[in-house]
Structures are given as structure tokens and as C-alpha cells.
Amino acid sequence: MRTITRKLAAVVGLTAALALAACAGGDTSDGAGTSAVADAVTDPAVGIAIDGNGRAVAPTDGPVVVEVFSDFLCPWCERFEAEHGDDLLELAADDRFDVRWRPVAWLDRNAGGSEYSTRTAMLLLHVAQQSPEHFWDTLVAIMGVRDGGPQLTHEQLAAAVSAVGVEGDLVAVQSDPALRSQVLAFSNAASALEVRHVPWATIDGELWDWGADDAGTLRDAAHATLG
């Protein structure tokens, strides 16, 4: 279960169409053929798997793979996590499912030059590698400060992450070139998979339209694939 409880913030002044347009994907190539060395836990080709406690772990290739592509600046990604985060953790605790989170940084173009999407994704990847037990709490904490997003300084964003128990120089993490390369690799991997916008959720390789009237719960949709 989550260790951080928060009230879902209203998304004001945006229609669903505008939000999806704002959170649409794009070409994030730097033109230099940047690639990242895959870590067992943070491999851009497969995403970051979690267990039932929200710990970042190596993927297990369970029978049913549930994936979520998300950008920390996207208001609908915040909403998705708030509505379906508990289902993701429940599914992750079930050996029949392999739940993976796939961060992208597509919305820096809307961040006023602050590179907010990239910096937050860098922090999440750092935590996955260096403090994996704090992965989900870090994810929720960053979602919780999204409203302030691009206005947050490196120090303020570091403070939000350290508040869940992550130690170390989290300001320096936001300038680490290796982590920046990894974020780019995650973003480009999503583009290669033809992910068109965030949040983008798939169950057993099929897109789950969580906004549809008959979508039901993520948990039920995942269980329906078991037959």
C-alpha cells in the first residue's frame, strides 16, 4: 500500500483533447545516437518492474505484462497514478503479472526551459538503481508536486524526494549525464513502440483505454486476460 496519501488535484482549464495533445509523444532523439547502458532494473527496452511493495526489481517476464508509460509533467499521468496505483501494486504482488513503469520525458517543451520532465525522470531512475525500496514512494511524491512542476528548483525537487527516505545528493542527480542518457533512451524506446501519448497503459501487449466508459478497473482488465 502507499505510504503517501494525497487528494487528487483537479485538472483545471483543460479538456481531455487538449490534455492528450499536450501529453503527446514526439521525437526526442538528440541526433547524436545517444544510448544508455542497460541496468538489470532500469533497462529502457523493458521498463522498470515493481513488486507488491513498490520496490524496483528486475522484470520477471510473468505471463501477463502490464506497462504504464508516463511523464511527470502530464496532468493525466498524475490522475492515472492516483486512480490506478493501488491496482498496479496489487497486480505486482501476484506472480501471474509483471508490472512495469516506463518513464518518458516528452513534455520538456512545455516546461519553460526547466527540463522538468527530464529531471524528474532522472531522479526516478536514480532511485530505482540506488534506493529501489523507495521507488513507488518516490513516484508518488513527484506526482504530488506536479502542480508546481517547472517552477520547482533543483533543491525543492530534491527535498520532495528525500522526504520519502532517499539519501544522497539529489541535486547533483538532476545533472548527471549518464542518467540523462538513460532518460533519453526510455523516451526513444516509447517512441519506437509507437506510444502516441501519456499516460499509455498496455495489458498483455494491448492498449487499455482507461478513459472509456466501460473500462472498469485496471485490476479487472488485467485479470480478464488470464482466461
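I take contact to mean heavy atoms within 4.5 Å. I take axes as lines fitted to C-alpha atoms, for helices over the stretch in contact, with angles from 0 to 180 degrees between N-to-C directions.

**Entry 1: basis.** I note that this is a predicted model, in which local features need pLDDT of at least 70 and side-chain atom pairs count only at pLDDT 80 or more, while totals for chains, interfaces and linings use all residues. I number residues from 1 along each chain as its sequence is written, and side-chain values use heavy atoms, with hydrogens and water left out.

**Entry 2: elements.** I looked up the secondary structure and found eight helices and six strands in the protein chain. Helices (H or I, at least four residues) and strands (E, at least two) are DSSP runs, numbered from the N terminus. Their order from the N terminus is α-β-β-β-α-β-α-α-α-α-α-β-β-α. Among contacts between residues at least 6 apart in sequence, 78% join residues at least 24 apart.

**Entry 3: the sheet.** I traced the six strands into an open sheet of mixed pairing, in the order β2-β1-β4-β3-β5-β6. β2 (56-57) and β6 are at the edges with a single partner strand each, so one side of each has no neighbour in the sheet. Two strands count as paired if DSSP finds at least two bridges between them. β1 (residues 48-50) and β4 (residues 97-103) are antiparallel and share three bridges; there, Ile 50 stands opposite Val 99. β3 (residues 64-70) and β5 also run antiparallel, joined by four bridges, and Phe 69 has Trp 200 of β5 as its bridge partner. Two bridges pair β5 with β6 in the antiparallel sense, with Thr 202 opposite Leu 207. In the hairpin of β5 and β6, two residues lie between the strands, and Asp 204 takes a positive phi near 55 degrees.

**Entry 4: helices on the sheet.** I found that α2 lies across β1, β3, β4 and β5, at about 150 degrees to β4. Helix α4 (residues 135-144) lies across β1, β2, β3 and β4, at about 45 degrees to β4.

Entry 5: Of the 227 residues, 50% are buried. On strand β5 (residues 200-203), both faces are covered: Trp 200 and Thr 202 on one side, Ala 201 and Ile 203 on the other, are all buried. A nonpolar core is a set of buried Ala, Val, Leu, Ile, Met, Phe, Trp, Tyr and Cys residues joined through side-chain atoms within 4.5 Å. The largest has 65 residues, and Val 66, Leu 88, Trp 101, Phe 135 and Trp 208 have the most contacts inside it. Helix α3 (residues 116-130) gives the largest share of this core, eight residues. Phe 135 touches residues including Ile 48, Ile 50, Trp 101 and Leu 124.

**Entry 6: aromatic rings.** Which residues do ring pairs link into a cluster? I found Trp 76, Phe 80, Trp 208 and Trp 210. Rings of Phe, Tyr and Trp (its six-membered ring) pair if their centres lie within 6.5 Å; planes under 30 degrees apart are stacked, over 60 edge-to-face, and the rest tilted. The structure holds four aromatic pairs. Trp 76 and Trp 210 are edge-to-face, 6.3 Å centre to centre with 65 degrees between the planes. Trp 76 is in helix α2 (residues 75-92) and Trp 210 in the loop between β6 (206-207) and α8 (218-224), 134 residues apart. Both Trp 76 and Trp 210 are buried. Phe 80 and Trp 208 are edge-to-face because their ring centres are 6.4 Å apart and their planes at 75 degrees.

Methods:
Buried means under 20% relative accessible area, exposed over 50%, partly exposed in between (1.4 Å probe, protein chains only). Lists of a residue's contacts leave out its neighbours within four places in sequence.
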